[in-house]
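Please look at the model below with its chains side by side. The paragraphs that follow go from the arrangement of the copies to details within the chains.

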There are 2 protein chains.
Amino acid sequence: MAAEYTKDLSTPVLTVDLDKVKRNAKDMRERFEGLGVQLRPHMKTHKTAECADIMTGGSKRCIVVSTLAEASFFADHGYDDILYAYPLPFDKVQRCAELSERLSLFHVLVDNDTALEELKRRPLNKGKVWNVWLKLDCNNGRAGVPNSNPKAQKLAQDIAATPGVELTGIYAHCGNTYVCQGQEQIKAVAQETTTSVLQFMEKLKAVGIQGLKSSIGSTPSCSHPVADMAMLSEVHPGNYVFYDVQQSLIGSCSLEDVAVRVLTRVIGHYPQRNQLLVDCGWTALSHDGGGRLPTGYAIIEGHPELKLLSMTQEHGRVEAISGQLDFTKYPLGSLLSLIPYHACATASMHPLYYIHSNGKILGTWTPTRGW
Amino acid sequence: MAAEYTKDLSTPVLTVDLDKVKRNAKDMRERFEGLGVQLRPHMKTHKTAECADIMTGGSKRCIVVSTLAEASFFADHGYDDILYAYPLPFDKVQRCAELSERLSLFHVLVDNDTALEELKRRPLNKGKVWNVWLKLDCNNGRAGVPNSNPKAQKLAQDIAATPGVELTGIYAHCGNTYVCQGQEQIKAVAQETTTSVLQFMEKLKAVGIQGLKSSIGSTPSCSHPVADMAMLSEVHPGNYVFYDVQQSLIGSCSLEDVAVRVLTRVIGHYPQRNQLLVDCGWTALSHDGGGRLPTGYAIIEGHPELKLLSMTQEHGRVEAISGQLDFTKYPLGSLLSLIPYHACATASMHPLYYIHSNGKILGTWTPTRGW
């Protein structure tokens, strides 16, 4: 049965359960307080000041962002100690320099020599130095120097030896946890990444580079940390504040923990092809997941008999997983609640999120967009 | 070789070739002027006032929208005669009523009895009547009453007989042209849809319902109209103003006609896995097309040897279609130009479009979003 507050919402709409958000944030904070590791939450999933406030426990310090638009947005909202966790893009060096000069701590990420040259070409003013993290690729296969490649140590040494630049830490993203199923596999990847980073730090110590920070992250690995992660300085998960169907399938969370929904209304009955139409197309859900769930592009809450088969821009086709639809169960105008496959992708489609608690809408959050 | 103007653009960015937009708009306008059919262009692809102005030839009249956010946006920009081509959503009747009372012509779409009841429950003020189009499904399989279903005629008669409501026309979308390959198949669908609509109009005439408008649309069918479409009152294509890879594969256009690009920069070389990274993830391109092109999620202009293999939120993995990448051809920081698979989906990811002509950036267009 849909909560009372939903009936006045115009659909499609992204709703956020504030109590679940707070619980997810608190669980993650307490988990790493317990391990003595700094949590540096990633903002890319929600991109809102309000959710950042919850994730940082009100400190407004120590966050990760995926775009400079986010960095500027959070700086404008009083945030500091912002890590731009993206291979330094050469068209954005000036904007990074300005943020470095404006904030007390702005961190950039580097995984190649040319990026270091770009930083040298733009020395910082105001007595600042570039705070640089070396991006290490510990078997994830996206950005970063492979941890086993001798170039990684060479680049770390070059960064550390460059005037005006400080080697702040070693950063690895274990995105390879996204192909895991269950805690055992997640922990194996978390262990491998942690070990790789710590061994790399030891190699640097042996050549006189000490006092570096270290950070690994991903929502699966930080939802089920291994003991050795206590030897890291920081972790940087992000999606956990919302979670989603994908995370529940990986084993990061239960479906109960997922804090976001797309509410949609039934706009048509088409018995001749045994289908409903709903007012949620890919503009409200995204195509993420490719419709490969047994229930299609999302899970339709409370209706395991339904599948979101396909979407066009503003329409979603819903059918029965088997047998004939009983259309009387889904009257025209009635609400269905979709649990998104990937919360980051779904949230990115919405100019506004509706926040609810105890069955009431409390207000809206407005994310930043662009780059 | 990338145009000079591109070098100062921060990436990822959506660029629009104004000359191609004007040519695509003019071709479509002239095509239907030649047939004596009113062009009612769809705004859903771009959602900007500037592009609407080009598509309507400056008249600011006679458009189709997919959301009420678009309807309000265009009304605020001085547009009128707006058709909201979406099965009337019951949570938006009041907003539709206000637009009907505010504009000289605002049209809604109905495909079921309950929607008609909803309109009756909210009679219009200011001496207005509801302008209602009956949505017919001519073998497309999305919204609409199937043209062969006796309910279609019954609903048309009920609408026509309802006080305060005017049956304005019959509307069909031939989205089934999207599975066509080549003009012959496109024309077969266009012919079938046109014939179905015209035969349905004849049936209505036989029961005394005359003077209705008729409209069919889709970019493929309107790029290659059949002669009988001259017997329709209107057509309502939209994507044609940008076109995209999908339309070129269907046969609606050539790749040369595609007016939009996502510009992206190389941010990493990863020889150990024979891959580049670019700064275009799904936030800049969308997942539309599912990566099923031989070149993956897009066509990389001027580089038939490259494939956009996969994307995460802000990263794109590019690899060679065969053999080893010659990394010297794609220096770090250099630009690649992506031709989107689906322009509607890609444009929907961008808060701003950059408009260029004759190798110069002329300015930006800001689309409306939401519902």
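In this predicted model, chain B is superposed on chain A by a rotation of 180 degrees with 0.0 Å of shift along its axis, at an RMSD of 0.0 Å, where copies are superposed by least squares on the C-alpha atoms of residues with pLDDT of at least 70 in both. The two copies are thus related as by a two-fold rotation axis, and in chain B the C-alpha nearest that axis belongs to B:His287, at 2.9 Å from it. Because 100% of the interface residues of chain B are also interface residues in chain A, the copies meet through the same surface.

Local features need pLDDT of at least 70 and side-chain atom pairs count only at 80 or more, while totals for chains, interfaces and linings use all residues. Residues are numbered from 1 along each chain as its sequence is written, chains are lettered from A in the order in which they are written, and side-chain values use heavy atoms, leaving out hydrogens and water.

Over all chains, the structure holds 12 aromatic pairs (rings of Phe, Tyr and Trp, the last by its six-membered ring, with centres within 6.5 Å; planes under 30 degrees apart count as stacked, over 60 as edge-to-face and the rest as tilted). One of them is the stacked pair of A:Tyr84 and A:Phe106, with 6.5 Å centre to centre and 20 degrees between the planes. This pair links distant parts of the chain, since A:Tyr84 lies in strand 4 (residues 80-87) of chain A and A:Phe106 in strand 5 (residues 106-110) of chain A, 22 residues apart; strands are DSSP runs (E, at least two residues) and helices likewise (H or I, at least four), numbered from the N terminus. Both A:Tyr84 and A:Phe106 are buried (under 20% relative accessible area, with exposed over 50% and partly exposed in between, for a 1.4 Å probe and protein chains only).

In chain B, B:Phe242 and B:Tyr353 form an edge-to-face pair, 6.3 Å centre to centre with 75 degrees between the planes. B:Phe242 lies in the loop between strand 10 (234-235) and helix 9 (245-250) of chain B and B:Tyr353 in strand 17 (residues 353-357) of chain B, so the pair ties together parts that are 111 residues apart in sequence. Both B:Phe242 and B:Tyr353 are buried.

B:Thr15, found in strand 1 (residues 13-17) of chain B, is also buried, with a relative accessible area of 1%. Not counting residues up to four places away in sequence, B:Thr15 touches residues including B:Leu9, B:Val260 and B:Tyr354, contact meaning heavy atoms within 4.5 Å.
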